[in-house]
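Please look at the sequence and the structure before reading on.

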Amino acid sequence: MSELNLTPEEIAAVKELAEVALALKKGGTLGLLKAVTENGDKLLETIAEEKAVLRLLGVGNAALEPVRELETSEVREIEWNTEELVRALLKALSKTDPKEIPRVGMTAALGYLRDEDVQKGLGFLLTLAKNLGAAMNGKL
């Protein structure tokens, strides 16, 4: 058996690779990667036969094209806005039980409009609608 003669740089790379393998194993990803490697052809066949996956890939690909066209500054704004919106949405969902929502007529709806939180939410939705319309009209 021949002896390995590794440079310090190669030893560092092997050590880093071992650290990555340990991190993947701790996160449970190593087993998944191993299974994909061992059964990759069967996995691809299964995916190719599943219409829902193919449709999802088609929709995802269509959604990715506009993402590819974004400027870096827009990506940062979208990241921040998405984070803030999802945080607010999740908090709102945690406090909103769909089974407990009252029916609201015109008079009650007008009453809601006096609530500053409703005003803020409507303001967001109306601003989003304005910007969406402007984007659809090619103004943004």
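## A residue ahead of the helices

Asn 5 lies in the segment that precedes helix 1 (8–27), in a model that is predicted. With a relative accessible area of 67%, Asn 5 counts as exposed, because the cut-off for that class is over 50%. Between the C-alpha atoms of Asn 5 and Lys 91, which are 86 residues apart along the chain, the separation is 58 Å.

## Confidence of the prediction

The mean pLDDT of the protein is 91, and 99% of its residues reach 70 or more. Where pLDDT is low, the predicted coordinates should not be read in detail.

## Helical make-up and overall form

The protein contains 7 helices and 0 strands, and its pattern along the sequence reads α-α-α-α-α-α-α. Its radius of gyration is 26 Å, well over the 14 Å that the globule rule gives for 140 residues, so the protein is more spread out than a compact globule. Taken along the principal axes, the box filled by the C-alpha atoms is roughly 90 × 40 × 35 Å. Of the 140 residues in the protein, buried residues make up 1%.

## Two assigned domains

The domain assignment divides the protein into domain 1, covering residues 28–101, and domain 2, covering residues 102–139. Taken over C-alpha atoms, the centres of domain 1 and domain 2 are separated by 28 Å.

## The largest pocket

Which domains contribute to the lining of the largest pocket? At least three of the lining residues come from each of domain 1 and domain 2. The space in this pocket amounts to about 1,200 Å³, and the elements that give two or more residues to its lining are helix 5 (72–94) and helix 7.

In total, 29 residues line the largest pocket, and those that lie nearest its centre are Leu 85, Lys 120, Gly 121, Phe 124 and Leu 125. Sorted by class, the lining comprises 17 nonpolar, 6 polar and 6 charged residues.

Conventions
Residues numbered from 1 in each chain as written. Predicted model: local features only at pLDDT ≥ 70, side-chain atom pairs only at ≥ 80, totals over all residues. Heavy atoms only, no water. Domains from an automatic or database assignment. pLDDT = per-residue confidence, 0-100. 1 Å grid on protein atoms, 1.4 Å probe; cavity = no way out; pocket = protein on both sides within 12 Å on 5 of 7 lines; lining within 4 Å. Points joined across faces, edges and corners; volume = space filled by probe spheres on them. Helix = DSSP H or I, 4+ residues; strand = E, 2+ residues; numbered from the N terminus. Nonpolar A, V, L, I, M, F, W, Y, C, P; charged D, E, K, R; others polar. Rg over C-alpha atoms; globule rule 2.2 N^0.38 Å. Buried < 20%, exposed > 50% of the residue type's maximum accessible area, 1.4 Å probe, protein only.
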